[in-house]
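Here are a few notes for when you first open this one up. Have a look at the model, then go through the points below.

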Amino acid sequence: MFLTKIKSGESGILLYGITPPKTETSAERIAEIAEKTIARLISLDLDALVVYDVQDESARTSEERPFPFLSALDPLSFANRYLQDLKIPKIIYRPAGKFSNGELSEWLDELHQNNFYPVFVGVPAPDFPVKTTLPEAYKIWSKNAETSVIGAVTIPERHEQLKDEDKRILDKVSCGVSYFISQCVFNLAYAKQIVEDLSCTCKKENKKLPTLIFTLTACGSAKTLHFMEWLGINVPEELKESLKNSENVLENSVNVCLNIASELADYCTERSVPFGFNIESVAIRKEEIEASIYMVNKISEMLNEKGIRKMKKTDKITAEL
């Protein structure tokens, strides 16, 4: 169980991340999307499904957004109403600052009743009026601490700039957070630096290490690559040029992600840092969705071969690029 694995600090956790359908989507089409999502994921070796809260982040940068922003359905409502047949825990993102203490408390009650788990994220822009601070949100959640776990986000690019992500992580751990899902990783060195610095800080301060879950995303085109960079994801120049000049951008990016996963698995294991992976599928192109399924299977197989995770007996790698 996801809850048990997080509480015990077990490595090899596998998540799958999606965004809800857009708000203008018809009820019939929403049901169809949900049905296809369940059919793709139901046999996979997953511990939980991540459902993101889609926010317009245009205000945080002056650069023009590569794709127009389209609002999406509420992630809890979508998961609760349409994804019940997918019998794995759901992890629901929520910008705590957008809601009052009372609204957040009611939302957490509904989440807990469904055995879902929260990840609180920041507001979309620095000047956004905050109704509930993150420390306040964690305190509201704490009534469920015995029977739930709460996650947070970690950003390797921020650590490269400010050199304090290990301290940010441990500040949230002191509020009850036990696992951290990263922004999409394409810069392996940045991710390794968080692992190294967090490990050293925890040893120095004699603190228990939280679980780090690294997000991996297939990139299917130069335009998608540009959007990732707009979101703040660092892609090393050499890798960027390799992807742009590749005959098959998608296949190349998948191989990059699989190599990153293998290296991070070894790096975290050597340092006794509990870890996992979140394979993200936020594209609508069939090829990119299929690539994400392929990645789940290959990473599950890799973790099994390294003796980190036991695959389900029924799991078979059937996806091909």
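1. A quick term before we start: "contact" here means heavy atoms within 4.5 Å. Also keep in mind that this is a predicted model.

2. Let's begin with D47. You'll find D47 in the loop that runs between α2 (27-41) and β2 (48-51). Is D47 buried or exposed? With a relative accessible area of 9%, D47 counts as buried, because the cut-off for that is under 20%.

3. If you skip the neighbours within four places in sequence, D47 is in contact with F2, K5, G12, I13, L14, L15, I88, P89 and R309.

4. Next, the second largest pocket, which holds about 190 Å³ of space. It has 15 lining residues, and I6, V177, S178, K208 and P210 are the closest to its centre. Two elements, α1 (2-8) and β6 (177-184), each give two or more residues to that lining. By type, the lining of this pocket splits into 9 nonpolar, 4 polar and 2 charged residues.

5. How many cavities of 30 Å³ or more are there? The count comes to 1. The largest cavity has a volume of about 30 Å³, and its lining is made up of T154, P156, S182, I194, L212 and F214. Of these lining residues, 4 are nonpolar and 2 polar, with no charged ones.

Notes:
Residues are numbered from 1 along each chain as its sequence is written. This is a predicted model: local features need pLDDT of at least 70, side-chain atom pairs count only at pLDDT 80 or more; totals for chains, interfaces and linings use all residues. Side-chain values use heavy atoms; hydrogens and water are left out. On a 1 Å grid over the protein atoms alone, a cavity is a set of points where a 1.4 Å probe fits but cannot get out, and a pocket is an open set with protein on both sides within 12 Å along at least five of seven lines; lining residues have an atom within 4 Å of a point. Grid points are joined across faces, edges and corners, and a volume is the space filled by probe spheres set on the points. Helices (H or I, at least four residues) and strands (E, at least two) are DSSP runs, numbered from the N terminus. Ala, Val, Leu, Ile, Met, Phe, Trp, Tyr, Cys and Pro count as nonpolar, Asp, Glu, Lys and Arg as charged, and the others, Gly among them, as polar. Buried means under 20% relative accessible area, exposed over 50%, partly exposed in between (1.4 Å probe, protein chains only).
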